[in-house]
Amino acid sequence: MTTVLETRGLLKRFGGITPTNDVSIQVEKGARRALIGPNGAGKTTLINLLTGVLEPTAGSIWLDGQDITQLAPHKRVRRGVVRTFQINQLFGELTPLQSLALAVSSHLGISGGWWKPLGSDARVAPACETLLAQFHLTDVMNQPVKHLAYGKRRLLEIATALACEPRVLLLDEPVAGVPEGERQEIFDIVNAQHDMDLVFNFASSVTVLVNGAVFAEGSVESISNDPRVKAVYLGEGEAAHG
Amino acid sequence: MKAVAQALRAHARWRWWEFALLAVLLLSWLLLPGQSLLLNEIAILALFAVSLDLILGYAGIVSLGHAAFFGIGSYAAALFAKLVMPDPWVGMIVAIAVAAVLGALCSVLILRGSDLTRLMVTLGVASILYELANKLDWLTGGADGLQGVVMGPLRTPFGAFEFDLGGRTAYAYTLLVLIICVLVARRLVHSPFGTSLQALRDNRLRAASIGLSVNARLVVVYTVAAAIAGAAGGLLAQTTGFASLDVFDFHRSAEVMLVLVIGGTGYLYGGIFGAIVFKLLHDLISAWTPQYWNFWLGLFLVILVLVGREKLTRPWTWWKKS
């Protein structure tokens, strides 16, 4: 299997705090890697480093064998590193259709066009249509995003990322804030289209972060049976949550 | 498949009231020949406000110094007519170009910081230019203003027209420039570029996360808005044959902001509606009570903001229970 995304000795310091401490991971093509860890383990910081929102103090990030450590966030997206956010980051005044059309246009490299209307390229509408249908957003496609229900906005959050046709998709807590009953919908959609699923149940491998460093790594079975992981993450002797 | 493509295209479709507005503008020239001077002022203010709407309403950049570009366009047009050649079309292109260059230079100042920083930085730039125009009196005439600007005739395919005292030629010229600029701006805001401006206004973080270069877009829209503001300033200088420090003054930046508050932001025509209401109010109230017109304008603004534009422009909803 070829490695798509790799970090080498990634380190981030904020003053005396080290939220990411010497993290070296490799993600293979087609892999579904779950990144888990207790609160404050540095999961979101690692995603921010990978996507370029934060600049690492040391270490490097490689995509398809090329160093992208110094690349601006929007340029990484064009190379295929796309993320979703734990807290929805959407365009409130635009409609879901406009949001997706813009993301698709951006991916096609035509988002700088300033004369022809949005969607005048024949490739945009079909791509939007597919995404809207997949994410059950067709009936609300013309409503301003700020008026959508939370569950719909959560779906749009992921749909917007997929509109960029990622090579590596980083889902930061995709079901955060989604009620138990509606979670399955999100997983069904994501799983059906992009072969990704719920941590422990469907991820093919797991990386455990503790205090910013890689604590353990391996298959789902080996991690869930690892006594050290149980002790640190699941809290041995206590009721395991999630 | 059709529904999605149509829904996307619907955003850029011409609405009936856009044609109506265009008709009203053209008819105003035909039917109100005695009011050309006032109408000319309104059209210039409208164009200035449209340029502010591009950065404020679409890209979310607040500015209290937009007069910087209006003023530089004004002085550029006046100086060009006085020192180089009096042709209005060439002068207009020069005014637009000079304002665009200034806009591009200043755009780097508004990329960083918060809204408050941007308010201060834009205010500062306009103040600097005001004092420069004041100080460089050998060129600009300083506090006396730039006198002796004589415009040449307006050359058109239908013949050359002299600028008359009644302002007929001036208003036709201003109207033409206004309509051309609004049409270009209309293409711009409905394009992917225009939509991406609204996206980065709503959420810069996400805009970058779908691969949009936020800073490059801000630079471009700030430059375009500066160019259009420069056109408005150029029109003022060319149609009045005069440029004074007043074009850089703070009250001008504040006034254009007020116009957008009245007309609304983010749909391109707010500047035009706002300018019409603002100037007519000004004209009516100051004819009635010359000293206290600010009082009534202030009262109007308070009511407008408290009641809301939506409600105020829909009288049939006033007595309906919500």
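Strands β9(A) and β10(A) are paired antiparallel, with six bridges between them. The model is a predicted one. Within this pair, Val208(A) has Ala216(A) of β10(A) as its bridge partner. The two strands form a hairpin in which two residues lie between β9(A) and β10(A). One residue of the turn, Asn211(A), has a positive phi of about 50°.

On β9(A), residues 205-210, there is also a parallel pairing with β4(A), made through four bridges. In that pairing, Ser205(A) of β9(A) stands opposite Arg33(A). The three strands together make an open sheet of mixed pairing, in the order β4-β9-β10 of chain A. Its edges are β4 (33-36) and β10 (213-219) of chain A, each of which pairs on one side only. On average, and with direction ignored, neighbouring strands of the sheet are turned by 20° against each other.

Chain A is divided into two domains, with domain 1 covering 1-80 + 167-242 and domain 2 covering 91-165. The contact between them involves 10 residues of domain 1 of chain A and nine residues of domain 2 of chain A. On the domain 1 side, helix α6 of chain A, residues 180-194, gives the most, with five residues. By class, this side of domain 1 of chain A has seven nonpolar residues, two polar residues and one charged residue.

Between the chains, the contact takes 39 residues from chain A and 28 residues from chain B. On the side of chain A that touches chain B, two or more residues are given by each of the elements α2 (73-79), α3 (96-108) and α4 (124-134) of chain A. Of this side, α3(A) makes up the largest share, eight residues. The side of chain A divides into 20 nonpolar, 14 polar and five charged residues.

The crossing in which α4(A) passes α1(B) is right-handed. From α4(A), the contact is made by Ala125(A), Cys128(A), Glu129(A) and Leu132(A), and from α1(B) by Val4(B), Ala5(B) and Leu8(B). This contact has six nonpolar residues, one charged residue and no polar residues.

Within chain B, helix α4 (residues 67-83) packs with helix α11 (residues 214-240) at an angle of about 50°, and their axes are 6 Å apart. This angle makes α4(B) oblique to α11(B). Here, too, a right-handed crossing is found, α4(B) passing α11(B). Residues of α4(B) in the contact include Phe69(B), Phe70(B), Gly71(B), Ile72(B) and Gly73(B), and also Ala76(B), Ala77(B) and Ala81(B). Those of α11(B) include Ala226(B), Ala229(B), Gly230(B), Gly233(B), Gly234(B), Leu236(B) and Gln238(B). The contact of α4(B) with α11(B) has 13 nonpolar and seven polar residues, and no charged ones.

Key: Residues are numbered from 1 along each chain as its sequence is written. Chains are lettered from A and ligands numbered from 1 in the order in which they are written. This is a predicted model: local features need pLDDT of at least 70, side-chain atom pairs count only at pLDDT 80 or more; totals for chains, interfaces and linings use all residues. Domain bounds come from an automatic or database domain assignment. Two residues are in contact if their C-beta atoms, placed from the backbone, lie within 7 Å. Ala, Val, Leu, Ile, Met, Phe, Trp, Tyr, Cys and Pro count as nonpolar, Asp, Glu, Lys and Arg as charged, and the others, Gly among them, as polar. Two strands pair if DSSP finds at least two bridges between them. Axes are lines fitted to C-alpha atoms, for helices over the stretch in contact, and angles run from 0 to 180 degrees between N-to-C directions. A crossing is left-handed if the near helix is turned anticlockwise from the far one by less than a right angle, and right-handed if clockwise. Angles under 35 degrees count as roughly parallel, over 145 as roughly antiparallel, 65 to 115 as roughly perpendicular and the rest as oblique.
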